Amino acid sequence: MSAVQSPLKFAWLEVTGFCNESCDHCYADSSPQGTHGTMAVDDWKGVITQLAAMGAVDVQFIGGEPTLYPHLPALIAHAHGAGLAIEVFSNMTYIRDELWETFRQHRVKLATSYYSDNPQDHDRVTNLRGSHRRTRQNIEKAISLRVPLRGGVVAVREGQRVHQAARDLTELGVGHVGGDQSRAFGRAGKGAVPTIDDLCGHCALGQCAIGPDGNVWPCVLGRFITLGNVRETPLAEIWNSTTTTQARAEIAAAHDLKPAESCTPPQFLPSCTPCGPCVPSVGHCDPKEADAEPVAVTIGAPA
């Protein structure tokens, strides 16, 4: 599939690797030890401008915890001014008054993860005491301010009360509630090296992810495949490069040249519809459990 057949419509912008939570299942390995990376504010604004010029429609600010990135309001304003629809994926434990006003002014949508209706169970997943109380309070605030919000319940532990968590979100007034399970990337991989087989097959077919150091990945999970770096090369050049074309081909080959027809990336990102199932050849949402021999990565792999 050529770059012409795959216009870039959506990008995850991972503005920070810093997070106040340290979830055991975090695919990005974010934590309180993370940093904001080497991308300056002007670098991010340049990327957003390039995305708009390439015909992108949506961006999602992620992390880490994007609300802890001090320049998030400026980036949201810039993205809105560029005509992009905006979503912020947040754990919703710490949202400043300035951010609430930014969300309302620039028609930002929110998405969050919610692990249990039981505060102790939720906090055991996030490894942050009091996170359930703060997240729930800010969910209520978003609803009261009429800020659009999606919620996702990620199954991580036994006895987590995921069904009760989903019902709790619905009763709070969250209009869209999804479900997912932990994916074997980052800390959830428990040291396993990720492979192309672990991806859903949609990677770089209309979306990419950009990390806090400027690396461009085919999707938010495919960070082990580097397509280029926006601090060194314009995004359009990266997107239309032979490296990206080859990455698409390798990923498609790993999935029998049939990219997933319907998938939900981790934590209910906006580029796909609900799982049914995530990878057709596997029949469930965790390709790690498949018996097939993993496909080796040649695109963007360290030398």
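Reader: Before we start, what should I know about the model and its numbering?

Author: The model is predicted, and local features need pLDDT of at least 70, side-chain atom pairs count only at pLDDT 80 or more, while totals for chains, interfaces and linings use all residues. Residues are numbered from 1 along each chain as its sequence is written, and side-chain values use heavy atoms, with hydrogens and water left out.

Reader: Okay, how many helices and strands does the protein have?

Author: The protein has 8 helices and 9 strands, where helices (H or I, at least four residues) and strands (E, at least two) are DSSP runs numbered from the N terminus.

Reader: And what share of the residues is buried?

Author: Buried residues make up 52% of the 303 residues, with buried meaning under 20% relative accessible area, exposed over 50%, and partly exposed in between (1.4 Å probe, protein chains only).

Reader: How many residues are in the largest nonpolar core?

Author: That core has 69 residues, and those with the most contacts inside it include Leu13, Leu51, Phe61 and Phe103. The largest share of this core, 5 residues, comes from helix α1 (residues 41-53). A nonpolar core here is a set of buried Ala, Val, Leu, Ile, Met, Phe, Trp, Tyr and Cys residues joined through side-chain atoms within 4.5 Å.

Reader: You named Phe61, so what is Phe61 in contact with?

Author: Leaving aside neighbours within four places in sequence, Phe61 is in contact with several residues, among them Leu13, Ile48, Leu72 and Val88, where contact means heavy atoms within 4.5 Å.

Reader: Switching to strands, which way do β1 and β2 run?

Author: Strand β1 (residues 10-14) and β2 run parallel, joined by 5 bridges, and two strands are said to pair if DSSP finds at least two bridges between them. Strand β2 (residues 58-62) is mostly covered, since 4 of its 5 residues are buried.

Reader: What does β2 do with β3?

Author: Strand β2 pairs with β3 (residues 85-89) in the parallel sense over 4 bridges, and the partner of Val59 in β3 is Ile86.

Reader: Where do the helices come in, and what handedness do the units have?

Author: β1, α1 and β2 make a right-handed β-α-β unit, and β2, helix α2 (residues 72-81) and β3 make a right-handed one too. A crossover is right-handed if, with the strands pointing away from the viewer, the path from the first strand over the helix to the second runs clockwise.

Reader: How many aromatic pairs are there?

Author: The count comes to 2 aromatic pairs, under a rule that rings of Phe, Tyr and Trp (its six-membered ring) pair if their centres lie within 6.5 Å, with planes under 30 degrees apart counted as stacked, over 60 as edge-to-face and the rest as tilted. Phe10 and Trp12 form an edge-to-face pair, at 4.9 Å centre to centre and 85 degrees between the planes.

Reader: Is Phe10 buried or exposed?

Author: Phe10 is buried, with a relative accessible area of 5%.
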